[in-house]
Amino acid sequence: MLNWTNFLSQLFNGLVLGALLALISSGLTIIYGTLGVLNLAHGAMFMLGGYAGYVAFQATGSFLVAVIAATLFMLVFGVLLERLIIRYFYDRPDEDQLLVTFGLSICIVETIRYFFSSMTKMVPPPSIFSGITSFGGVMFPTYRLALIGIVAVGLLALYLILYRTRLGLIVRAGIEDAVMVDSLGINVYRVFMVVFGIGAMAAGFAGIVNAPVVSLTPGMGETILVQTFVVVVIGGVGSFPGAVLGGLIAGEIISITSMINPAYSYIMLFAAMTLVLVLRPRGLFGKKGRE
Amino acid sequence: MLTAICLIAVPFVLPHIDAAPNTVNRILVWGLFGIGFDILFGYTGLLSFGQSAFYGTGGFVAAYLLTQAGFPYVILALIIGMVTAAFVGYLIGLLALRSTGIYFAMITVAIAEIFFFVEFNPLAAWTGGENGLPGVPTPTIYLGFTTIHFTGGWSLYPFLAFIYFIGIVLALRIVRSPVGAILTAIRENPLRAAAVGHNVQGYKLTAFVIAAAYAGIAGGLLGVMQAFMPPDAFMFDTSGQLVMQTAIGGRATLFGPLVGAGVWLFLQDFLQSTLGLGATWKLVLGVVFVLLVAFLRDGIIGGIRDLYGFVWSRFSSPAKTSEAVAENPAATNHEAIPMRPHHIVPTDFAGPILQVTGLTKHYGGVLANTDIDFSVNQGELRGIIGPNGAGKSTFFKMLTCEVQPSSGKIMFEGRDITGLGVTDVCQLGLTKSYQVNQLFNSLTVRQNLIISALAELRGKFRLDMLSSLSKVPGMDEHVEHTLELVNLTGRADTPVSELAYGEKRRLEVGLALASSPSLLLLDEPLAGMSPQERVETVKLLKSISRGRTMIIIDHDMDALFELAERITVLQEGRVLVEGTPDEIKGNAKVQEAYLGGVPEESKL
């Protein structure tokens with residue numbers, strides 16, 4: 001009864017989704033870990049990255065330019081957002097931070113809806129990755145294969161930033177204890193700004209590279225946001241490896257359950273989250289640090 | 001009462017300003033939905049983005065009974081829907097409340113989304129999937145002599161208004177009950193709420209279930225109102241709209257959600273039709289919302305209240321300040337009567353009140369406490385000193401069971417309390433005043449003490465949600481007595497945020513005292529005080545020590561040598577020596593370890 005070809009292809013789809021979730025969740029988790037702000041606008045940023053890429057693609061016709069433009073745009077957008085709004089909320093209670101980022105996500109989504117309407121928009125895959133590749137008798141859309149590589153590069157870049165640069169060292173120290181880092185004479189607020197920018201950039205990058213797989217709609221960020229939350233809860237808040245592992249787990253759960261019965265994919269995801277919460281309330285890689 | 005008048009007045013006033021009855025009815029349903037949410041978010045401080053799950057559950061259970069199952073009683077169906085939602089809320093609450101803050105918010109978002117999928121797919125046969133359930137009937141009440149049919153529009157309004165009225169009256173009673181006071185305390189400082197002896201988890205779950213019940217009945221009414229149960233009741237947007245309406249109207253006001261819903265729906269009508277903005281209205285609303293959160297934290301009602309308070313204080317402030325100044329000096333010198341410890345020690349028990357054997361705590365490789373043996377007799381006043389990092393605070397945390405020891409045993413009044421929680425230990429009569437103030441900051445001095453007294457007088461968990469706070473027997477005298485004891489009677493109705501540091505410090509001790517402990521631990525009660533405050537506090541400590549056993553940690557040796565009967569010296573997590581103040585002063589080991597190298601003054 002179990003169709004192996006089907007299973008392999010779903011396993012593969014799970015890998016694609018998982019890698020993507022890992023990338024988006026990493027952005028969310030390092031922002032939370034460093035700044036202590038849970039960014040409810042993260043899904044909207046994912047969507048915004050897609051649209052920014054769409055605009056760039058319309059203008060130039062080059063997918064590569066679209067990816068670069070969208071990524072840079074989101075970096076700038078994130079930095080501006082932190083400068084203009086988010087920083088005024090560091091000293092306010094958690095609830096206020098949640099409320100303001102929630103409000104911002106609505107503003108972003110509705111602005112996009114205003115300019116682009118609710119109709120779906122498409123960004124075609126670059127021509128070298130179009131078509132279908134046969135892989136041991138299983139057929140895959142070539143772009144999806146490429147997407148794994150692209151997202152892996154994104155994750156690797158994030159890893160290198162976090163673990164191989166001076167900035168990354170400060171960020172990781174900030175996740176452990178932001179006050180201590182501040183008192184060491186490092187300007188934490190500037191680091192916060194950069195981290196928010198990097199987080200937004202990760203979400204935006206994911207948004208544009210995913211655009212050829214799903215069509216763009218203003219509301220697409222919401223589903224992703226919820227899945228990202230589950231990933232972060234499973235992986236542990238503030239943990240980069242947790243986000244990667246959690247993303248892959250969530251991606252596979254959704255894909256493999258979808259093969260059997262799509263209706264249950266979310267229920268299984270929820271069950272996994274419950275299991276983690278019961279056994280390890282702080283997630284797989286969660287630390288005792290920040291409350 | 002005012003609410004009732006307003007609700008009755010509405011149908012006579014609003015038609016003249018062109019309000020559609022359906023809009024008014026929708027505002028009522030949202031307002032009712034929001035009452036429960038405000039108790040959860042505004043009062044208890046738990047921001048849930050998952051209320052749509054319970055709204056949908058209550059709505060679909062009621063709608064299913066009334067349409068598919070052929071159940072004839074509308075009101076009963078609504079109640080069944082509400083009970084189901086509350087029960088589901090209980091189960092979800094057990095899971096979601098395992099975590100706090102950010103985790104809680106994320107989990108509720110996930111829960112809402114899962115409920116939406118469940119409704120859409122596996123349960124589509126019962127819920128109609130994406131089509132929802134059409135044909136939900138309206139209620140009919142048979143009064144014996146006549147039958148009232150509530151159909152739609154204005155004729156349904158009295159029915160909804162009546163239910164809203166019941167809802168708001170119940171909610172007002174809840175927030176003014178002991179339970180309501182404790183919920184506020186949990187919002188302000190969950191750690192301290194637990195430490196003074198309240199079952200925080202239980203009360204949080206209570207608030208969660210209340211919110212789910214309100215959501216359930218509101219969901220049922222949505223179906224009745226529209227004669228159709230829409231599947232989008234389950235959508236995340238529903239939760240989002242509720243959160244926004246509550247924040248717009250004003251949190252912790254109960255009426256905020258109603259005001260917010262009114263603003264929301266009228267704005268929607270206005271922007272969409274009058275200004276012809278179409279779908280863009282939501283963008284405008286989003287911007288308004290962000291601005292409100294940024295600049296008017298307590299929403300519209302909060303803004304009005306602040307404005308009113310501002311104007312009012314303008315008129316009356318000169319008289320009031322002079323009065324306060326005149327009042328203060330009167331309260332400085334007095335002799336308080338010691339408050340009897342409430343917990344009577346079992347008569348057959350005559351050993352030491354606290355006996356600790358082999359207590360050890362290590363954090364990874366760091367040994368904070370090693371093999372401490374320690375015992376304190378009934379009525380004793382013990383001092384603990386030791387250089388910074390000697391493990392004094394860790395030792396206290398283990399005694400109050402905030403931190404579990406790695407090994408060892410703690411006996412309190414002959415009972416093994418090792419492994420109990422801080423709440424249970426406080427209920428048994430052992431509590432602590434904190435090194436760093438842990439107060440309920442937005443409450444007044446009196447309200448702070450009430451929170452602590454409630455745990456003492458009502459036990460750690462009790463659901464007296466409908467009785468008034470002022471009816472708790474013995475509370476007034478208990479609170480007054482504690483106020484007097486810590487010399488804060490003149491400041492009883494001052495918010496904590498306006499207290500001077502020394503006063504906050506005394507309130508910190510007062511919070512611990514109000515739970516009538518038979519053993520009171522004080523972690524550096526004199527830290528950070530001015531010399532004069534020290535003198536007063538030492539006097540205060542002397543007066544409360546009568547009839548009570550106390551252990552005090554402090555760096556102020558002179559004060560401790562004056563107060564304590566015996567002193568224990570800790571060094572590097574071990575007991576260095578123990579004895580009377582004179583023995584300790586003359587002890588060579590202590591002088592070497594503690595007083596020796598570093599001059600005493602620089603320690604303080």
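Two strands pair if DSSP finds at least two bridges between them. Strands (E, at least two residues) and helices (H or I, at least four residues) are DSSP runs, numbered from the N terminus. The model is predicted: local features need pLDDT of at least 70, side-chain atom pairs count only at pLDDT 80 or more, and totals for chains, interfaces and linings use all residues. Residues are numbered from 1 along each chain as its sequence is written, while chains are lettered from A and ligands numbered from 1 in the order in which they are written.

**Exercise 1. Work out the six-strand sheet of chain B.**

Step 1. Start with one pair. Strand 7 (residues 381-385) and strand 13 (residues 566-571) of chain B pair in the parallel sense over four bridges. B:Gly383 has B:Ile567 of strand 13 of chain B as its bridge partner.

Step 2. Find the edges. Strand 10 (430-433) and strand 14 (574-579) of chain B each pair on one side only. The twist averages 20° from one strand to the next. Angles run from 0 to 180 degrees between N-to-C directions, and axes are lines fitted to C-alpha atoms, for helices over the stretch in contact.

Step 3. Contact between two residues requires C-beta atoms, placed from the backbone, within 7 Å.

**Exercise 2. Work out the four-strand sheet of chain B.**

Step 1. Read the order: 6-5-8-9, open, with antiparallel pairing. The edge strands are strand 6 (366-376) and strand 9 (415-416) of chain B.

Step 2. Take one pair. Strand 5 (residues 354-363) and strand 8 (residues 407-412) of chain B share five bridges. B:Leu354 stands opposite B:Phe412 of strand 8 of chain B.

Step 3. Helix 15 (residues 392-399) of chain B lies across strands 5, 6 and 8 of chain B, at about 60° to strand 6.

**Exercise 3. Describe how helix 1 and helix 5 of chain A pack.**

Step 1. Two packed helices are described by the angle between their axes and the distance between the axes. For helix 1 (residues 4-35) and helix 5 (residues 142-164) of chain A, the axes come within 9 Å and cross at roughly 25°.

Step 2. Classify the angle. Helix 1 of chain A is therefore roughly parallel to helix 5 of chain A (angles under 35 degrees count as such).

Step 3. List the contact. Helix 1 of chain A gives residues including A:Leu15, A:Ala19 and A:Ser26, and helix 5 of chain A gives residues including A:Arg144, A:Val151 and A:Leu158. The contact divides into 12 nonpolar, two polar and one charged. Ala, Val, Leu, Ile, Met, Phe, Trp, Tyr, Cys and Pro count as nonpolar, Asp, Glu, Lys and Arg as charged, and the others, Gly among them, as polar.

**Exercise 4. Describe where chain A touches chain B.**

Step 1. Count: 35 residues of chain A are in contact with 35 residues of chain B.

Step 2. Locate the chain A side. Helix 4 (94-116), helix 8 (220-235) and helix 10 (265-279) of chain A each give two or more residues. Helix 4 of chain A gives the largest share, 15 residues.

Step 3. Sort the chain A side: 25 nonpolar, three polar and seven charged.

Note on methods
Angles under 35 degrees count as roughly parallel, over 145 as roughly antiparallel, 65 to 115 as roughly perpendicular and the rest as oblique.
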